[in-house]
Amino acid sequence: MTGKFDLEDRLIEMAVKCIKLFANIKKSYALDHLSKQLIRSSTGAALNYGVAQGAESQKDFIHKMGLVLKECNELVAIFAKSIRTVKSKG
């Protein structure tokens with residue numbers, strides 16, 4: 001079942017999976033660096049998407065969705081489509 005909050009739920013789930021992925025892995029300098037970067041990016045994307053849903057205007061929404069794009073390159077196509085949809089309605 002998909003709904004208005006489906007993408008936000010999926011982003012939160014991805015962030016949780018990223019955190020759990022590195023919870024029990026042997027530490028190394030490179031892995032520590034990459035794990036922190038992935039965890040920051042995945043949690044940032046989820047949080048910023050949630051913030052964008054409460055945007056006060058179309059311009060504000062587009063700006064906040066731009067922050068989401070910077071956080072998680074894997075989801076660029078989904079967020080870019082959201083921005084294009086809002087712009088086309090304006």
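Is Lys36 buried, partly exposed or exposed, and what is its relative accessible area? Lys36 is partly exposed, with a relative accessible area of 44%; here buried means under 20%, exposed over 50%, and partly exposed in between, with a 1.4 Å probe and protein chains only.

1. Basis of the note. The model is predicted: local features need pLDDT of at least 70, side-chain atom pairs count only at pLDDT 80 or more, and totals for chains, interfaces and linings use all residues. Residues are numbered from 1 along each chain as its sequence is written, and side-chain values use heavy atoms, with hydrogens and water left out.

2. Salt bridges. Side chains of opposite charge can pair when their charged atoms come close. A search of the whole structure finds four salt bridges, each defined as a side-chain nitrogen of Lys or Arg within 4 Å of a carboxyl oxygen of Asp or Glu.

3. Helix α1. Glu13 and Lys17 form a salt bridge, with 3.2 Å from N to O. The two residues are four apart in helix α1 (residues 6-21), so about one helical turn separates them. Helices are DSSP runs (H or I, at least four residues), numbered from the N terminus. Glu13 is partly exposed at 44%, whereas Lys17 is exposed at 52%.

4. Helix α2. The partner of Lys36 in a salt bridge is Asp32, and their closest N and O atoms are 3.2 Å apart. Both residues belong to helix α2 (residues 29-53), four residues apart, or about one turn. Asp32 is partly exposed, at 27% relative accessibility.

5. Helix α3. Lys64 and Asp60 are joined by a salt bridge of 3.0 Å, N to O. They lie four residues apart in helix α3 (residues 58-71), about one turn of the helix. Asp60 counts as buried, with 18% relative accessibility.

6. Packing of α2 and α3. Two packed helices are described by the angle between their axes and the distance between the axes. For α2 and α3 the angle is about 170 degrees and the axes are 8 Å apart; axes are lines fitted to C-alpha atoms, for helices over the stretch in contact, and angles run from 0 to 180 degrees between N-to-C directions. The two helices are therefore roughly antiparallel, a term for angles over 145 degrees. The contact (heavy atoms within 4.5 Å) includes Arg40, Gly44 and Tyr49 of α2 and Phe61, Lys64 and Val68 of α3.

Key. Parallel < 35°, antiparallel > 145°, perpendicular 65-115°, else oblique.
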